[in-house]
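This briefing goes through one protein model by topic. Each term is given its cut-offs where it is used.

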Amino acid sequence: MPTLLLMRGVRYARKIRLPDGEFWIGRWTGNDIVLPSPLVSKAHAVLKCHGEFATIKDAHSTNGSFVNEARIDTVPLLEGDRLRLGDVEFLYCRRDDPTAELVPARVRSAPPPQPQGPEQIATDFAELAPKQAPWHAAAPAARSRAQPVAEGIAFTLPMRGRDIAALITYDALALHFGVYAVGEEGYERAVDVYEANSLAIHVAATCKYLESAQEPVVLRARNF
């Protein structure tokens, strides 16, 4: 399981262990990870974990979500990434830490229950749902078959006698291969396009891995 370190300067103040699933982060106490800061929105961001991959999505927050000081909408997280929500900063680590607090995951893509009256969250969660990849508990796909997870298509990259987890983001598939992952049929088309162009995708993934030796390998549009 990956671990989030809530940072206070160069030290951490809290360690959060993340199983597979989704986690709503924000100021309101109904979120999975509560950040009591006035600069954090009531529902600020959604973090999703699936196997080797984790993705952060901004939930139309007022002050934005940042990864390594770049404002993001949706982006996969890599080892050592610094995530900032308002004035709260996390360090993302892929290493499992059994001593960290374990946050229960939601079993489906749904927002936390909204408070009523003056505490009602203004964010329209319904706008987020159509853009999410399916997170059903399906049986694992065959070894040679890629899967839609998080914000891209996950596959394995044979490298030096072992398989390395890799992912090509949906924006890369859209820009370079003309496929848009919207709805169940869109996700299936994205997998088909990956299969049809797997040689080019594997070459790009291999080059990126040889440059950085970072796992998992995440291919974005700029990597082609």
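How much space lies in the largest cavity? The largest cavity holds about 30 Å³ of space. This is a predicted model, in which local features need pLDDT of at least 70, side-chain atom pairs count only at pLDDT 80 or more, and totals for chains, interfaces and linings use all residues. Residues are numbered from 1 along each chain as its sequence is written, and side-chain values use heavy atoms, with hydrogens and water left out.

**Cavity**
- The structure holds 1 cavity of 30 Å³ or more.
- A cavity is a set of points, on a 1 Å grid over the protein atoms alone, where a 1.4 Å probe fits but cannot get out; its volume is the space filled by probe spheres set on the points, which are joined across faces, edges and corners.
- Phe53, Ala54, Pro76, Leu77, Leu78, Leu167, Pro216 and Val218 line the largest cavity, where lining means having an atom within 4 Å of a point.
- That lining divides into 8 nonpolar, no polar and no charged residues (nonpolar: Ala, Val, Leu, Ile, Met, Phe, Trp, Tyr, Cys and Pro; charged: Asp, Glu, Lys and Arg; polar: the others, Gly among them).

**Whole chain**
- The chain has 3 helices and 16 strands (DSSP runs numbered from the N terminus; helices are H or I with at least four residues, strands E with at least two).
- Of its 224 residues, 50% count as buried (under 20% relative accessible area with a 1.4 Å probe, protein chains only; exposed is over 50%, partly exposed in between).
- Of the contacts (heavy atoms within 4.5 Å) between residues at least 6 apart in sequence, 51% join residues at least 24 apart.

**Leucine 5**
- Leucine 5 lies in strand E1, residues 3-8, and is buried at a relative accessible area of 13%.
- Beyond its neighbours within four places in sequence, leucine 5 is in contact with Tyr12, Arg14, Lys15, Glu89, Phe90, Leu91 and Cys93.
- Leucine 5 and alanine 100 are 95 residues apart in sequence, with 9.2 Å between their C-alpha atoms.

- The buried residues of H3 are Ile201, His202, Ala204, Ala205, Lys208 and Tyr209.
- Seen down the axis of H3, these fall within an arc of 160 degrees, so they line one face of the helix (the arc is that of the directions from the helix axis to the C-beta atoms).
- Leu199, Leu210 and Glu211 are exposed on the other side of H3.
- After H3 comes alanine 213, with a positive phi near 55 degrees.
- In H1 (residues 170-177), Tyr170, Ala172, Leu173 and Ala174 are buried.

Methods:
1 Å grid on protein atoms, 1.4 Å probe; cavity = no way out; pocket = protein on both sides within 12 Å on 5 of 7 lines; lining within 4 Å.
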